[in-house]
Amino acid sequence: MNITGYFPERRTLLLFGLPVLVTYIIWLGYMYQMQEWSLFLDNWFMSVTMIFGSFIAGASSEGGGAIAYPVMTLVFNISPDVARNFSLAIQSIGMTAATLWILAKRISIEKTYLLLSGFGGLAGIIIGTIWIAPLVPPDYAKMMFVSFWLSFGIALFVINHIRKRDTRMTLPDLSNYQQLELILVGIIGGILSAIFGNGIDICTFSFVTLKYGLSEKIATPTSVVLMTSNAIVGTLLHIFLLGDMQTEAFNYWLVCIPFVMLGAPFGAYLITKINRITIAVMLYIIIIAQFVAAFFIIRPSGYLIAISLLTFLSGIAVFFFLTSSYNKRSFN
């Protein structure tokens, strides 16, 4: 008897369905035991935010923190350190679920990109969490974040819709220098994750798509797996090393868990059904919305506008250098 005939999705049930079910049981048990249902009355806005945020997290290289962080800090005026801790904690649930879906469904990822950037990201989030994040002023962190990724969105738009770039499904054979370069990008991404609650996904995604022409359909699920590892490590650092996981962040986390467990995997499912240009368009919309919201809500001073402009121009220089490098060398 061919058991797979009766259970064609056995792999999905074991790798994805079972862990998700266990998580729901643990969450329900805790909520019942502690009688925390009233948290939904006070924090429903975070549940709604993460219904959309978790979907974006699974469907794009912008992790759930890219939605949670700006919405929490800009719209709801929540402290950036609370937003960062919550972003890491909720992604450790939602992005893990999306990663399990990716593995269960054998969605293609780029292993060299994953391993090298993941190694750098581990170092980066440790360094950033302990030594760098506490030094970044909140408004500067918000505006620099959205300004830098606006420059990436412009660069990605240019190479997709003006230069009409070709793409590849795997990275080329990398030299020792190129491997070190990818590790360093991972370190930078990990530091960004430590500051904002996400960053390694979009940082490394931008590097491999612009420099090497890696297709968004491959780079996106790979970046999801990368952000999962960063989120888990970052959350553990804040809970067990720094001991600064705020009650507020924990309560937000509780009211979002049941939604992100399915929202992020649904996003990961969607990327297998749409083309890479549609994925890119989703990114453009998210990036522009983040920037516009930040500018009108923060209303930056002249000095902060100058810093933001400098950040934007630096990003333009970096990203267009990468696209030039891709055009000259990647397919040789």
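Asn-77 sits in the loop that joins helix 4 (64-75) to helix 5; helices here are DSSP runs of H or I with at least four residues, numbered from the N terminus. The phi of Asn-77 is near 55°, a positive value in a residue other than glycine. Most residues other than glycine have a negative phi. Gln-35 also belongs in this part of the story, with a positive phi of about 50° although it is not a glycine. Gln-35 is found in the loop between helix 2 (10-34) and helix 3.

A word on what you are looking at: this is a predicted model, in which local features need pLDDT of at least 70 and side-chain atom pairs count only at pLDDT 80 or more, while totals for chains, interfaces and linings use all residues. Residues are numbered from 1 along each chain as its sequence is written, and side-chain values use heavy atoms, with hydrogens and water left out.

**How the helices pack**

Two packed helices are described by the angle between their axes and the distance between the axes. The axes are lines fitted to C-alpha atoms over the stretch in contact, and the angles run from 0 to 180 degrees between N-to-C directions.

| Helix pair | Axis distance | Crossing angle |
|---|---|---|
| Helix 8 (176-196) and helix 9 (200-211) | within 7 Å | roughly 150° |
| Helix 3 (39-59) and helix 11 | 7 Å | about 20° |
| Helix 3 and helix 12 (276-298) | within 11 Å | roughly 135° |

Angles under 35 degrees count as roughly parallel, over 145 as roughly antiparallel, 65 to 115 as roughly perpendicular and the rest as oblique. Helix 8 and helix 9 are therefore roughly antiparallel to each other. Their contact (heavy atoms within 4.5 Å) involves residues of helix 8 including Glu-181, Leu-182 and Val-185, and residues of helix 9 including Ile-200, Cys-203 and Phe-207. By class, eight residues of this contact are nonpolar, five polar and two charged. In this scheme Ala, Val, Leu, Ile, Met, Phe, Trp, Tyr, Cys and Pro count as nonpolar, Asp, Glu, Lys and Arg as charged, and the others, Gly among them, as polar.

Helix 3 takes part in two of the pairs in the table. With helix 11, the result is a roughly parallel pair, and their contact has 18 nonpolar, seven polar and no charged residues. Helix 3 and helix 12, in turn, are oblique to each other. Here Phe-55, Ile-56 and Ala-59 of helix 3 meet Ile-279, Met-282 and Ile-286 of helix 12. The residues of that contact divide into six nonpolar, no polar and no charged.

**Where space is left**

Rolling a probe the size of a water molecule over the atoms shows where empty space is left. On a 1 Å grid over the protein atoms alone, a pocket is an open set of points where a 1.4 Å probe fits, with protein on both sides within 12 Å along at least five of seven lines, and lining residues have an atom within 4 Å of a point. Grid points are joined across faces, edges and corners, and a volume is the space filled by probe spheres set on the points.

The largest pocket holds about 500 Å³ of space. Of its 21 lining residues, Phe-148, Trp-149, Ile-188, Leu-192 and Cys-203 are the closest to its centre. Helix 7 (138-162), helix 8, helix 9 and helix 13 (302-330) each supply at least two residues of this lining, and helix 8 gives the largest share, with six residues. The lining divides into 17 nonpolar, two polar and two charged residues.

The second largest pocket has a volume of about 180 Å³. Among the residues that line it are Ala-89, Ser-92, Thr-235, Phe-240, Met-245 and Trp-253. Helix 5 (80-104), helix 10 (216-241) and helix 11 (247-270) each supply at least two lining residues, and the largest share, five residues, comes from helix 10. This lining has nine nonpolar, two polar and no charged residues.
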